[in-house]
Amino acid sequence: MNKKLVEAMADLDEDIVLAEVKALKDGGVPTLDIIASLQEGMEIVGKRFEEKEYFLSELIMSAEVFNEASEVLGGIGEAGKAKNGVFVLGTIYDDIHDIGKNIVTTVMRSNGFEVVDLGVDVPTAKFIEAIKQHKPKVVGISCLLTTCFDNVKECIQAIEDAGLRNDVKVLIGGGPVDEATGKYVQADIVAKNAQNTVDYCKQFVGVQ
Ligand code: B12
């Protein structure tokens, strides 16, 4: 982790974040490592919000700084040829967080997956429709709100009720999601970051 970048992100110091991201990028630091530091800074933003040191305006500001930093990074990777099959991904209904999901989308595309990104606040029916239409081997559900864990559980149960659960592996991810959440919602895998997601999906589709 780059301490200066983590702290600047946590302090919402836009100028330092952008300068540091540029310096790291120019110094050849891998994009995903830079994102990991930004993500750690966002963790601290979240904690400060919980502790009422920050308010909603700071959360909004953090998203803006993160998105600007992503622009400095100039895209996380080129979309490769989609040879590894389809990955359907969306943020569960009632949740509009999409920064992490968008990173996963980009990194999966640059690793040869065709990503069908369903967006945010995605209803269960839309996941099921997309599974029937695109026949993915892996489905990803992003969830950043503990209040939405039951929605994820309901969605995975509905995939099973539709007779599709044996056809797909379900990966979940998002800040507060952990192994216990994975068990609760009956997901196959919990991924902590975009690189994990790529590794698991490659395993599932049988590529190195
Ligand atoms: C930025 C932010 C916002 C922005 C979101 C902007 C956007 N376009 O996404 C805004 C301001 C809109 C927002 C709103 C709210 N937020 Co908010 N937000 C955050 C914050 C600070 C950062 C999230 C983020 O982008 N992190 C950076 C990305 C890169 O990390 P990530 O999402 O975790 O993604 C990585 C991995 O998790 C993984 N991943 C992510 N998704 C997926 C999916 C799959 C399938 C896989 C495999 C992997 C994977 O890969 C990603 C890349 O490595 C978090 C704090 C936190 N630490 O999470 C709070 C946080 C999630 N928010 C929170 C809250 C409470 C809210 C609000 C309810 C606030 C309010 N009172 O209105 C609203 C909810 C609105 C809604 N209905 O969704 C709480 C949730 C608490 C809880 N227990 O549920 C948090 C945890 C803050 C806190 N500690 O209190 N928020």
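In the predicted model, the lining of the largest pocket draws residues from both domain 1 (3–73) and domain 2 (86–205), and the pocket therefore lies between them. Its volume is about 1600 Å³. Among the 49 lining residues, E43, H97, L144, G174 and G175 are the closest to the pocket centre. Two or more lining residues are contributed by each of α3, α4, β1, α5, β3 (138–142), β4 (169–173) and α9. The largest share belongs to α3, which provides 13 residues. By residue class, the lining comprises 25 nonpolar, 15 polar and nine charged residues.

The largest nonpolar core contains 34 residues, of which V17, V21, L38, F87 and M108 touch the most other members. At least two core residues are supplied by each of α1 (3–10), α2 (14–26), α3 (31–50), α4 (56–73), β1 (86–91), α5 (99–110) and α9 (194–205). Because domain 1 (3–73) and domain 2 (86–205) both give residues to this core, the core, too, is located between the two domains.

The surroundings of L38 illustrate the packing within this region. When neighbours within four places in sequence are set aside, L38 is in contact with L5, M9, V17, V21, F66 and A69. Of these contact partners, V17 and V21 are themselves among the core residues that touch the most other members. In soluble globular proteins, nonpolar side chains tend to be buried together.

Notes: Residues are numbered from 1 along each chain as its sequence is written. This is a predicted model: local features need pLDDT of at least 70, side-chain atom pairs count only at pLDDT 80 or more; totals for chains, interfaces and linings use all residues. Side-chain values use heavy atoms; hydrogens and water are left out. A nonpolar core is a set of buried Ala, Val, Leu, Ile, Met, Phe, Trp, Tyr and Cys residues joined through side-chain atoms within 4.5 Å. Buried means under 20% relative accessible area, exposed over 50%, partly exposed in between (1.4 Å probe, protein chains only). Helices (H or I, at least four residues) and strands (E, at least two) are DSSP runs, numbered from the N terminus. Domain bounds come from an automatic or database domain assignment. Contact means heavy atoms within 4.5 Å. On a 1 Å grid over the protein atoms alone, a cavity is a set of points where a 1.4 Å probe fits but cannot get out, and a pocket is an open set with protein on both sides within 12 Å along at least five of seven lines; lining residues have an atom within 4 Å of a point. Grid points are joined across faces, edges and corners, and a volume is the space filled by probe spheres set on the points. Ala, Val, Leu, Ile, Met, Phe, Trp, Tyr, Cys and Pro count as nonpolar, Asp, Glu, Lys and Arg as charged, and the others, Gly among them, as polar.
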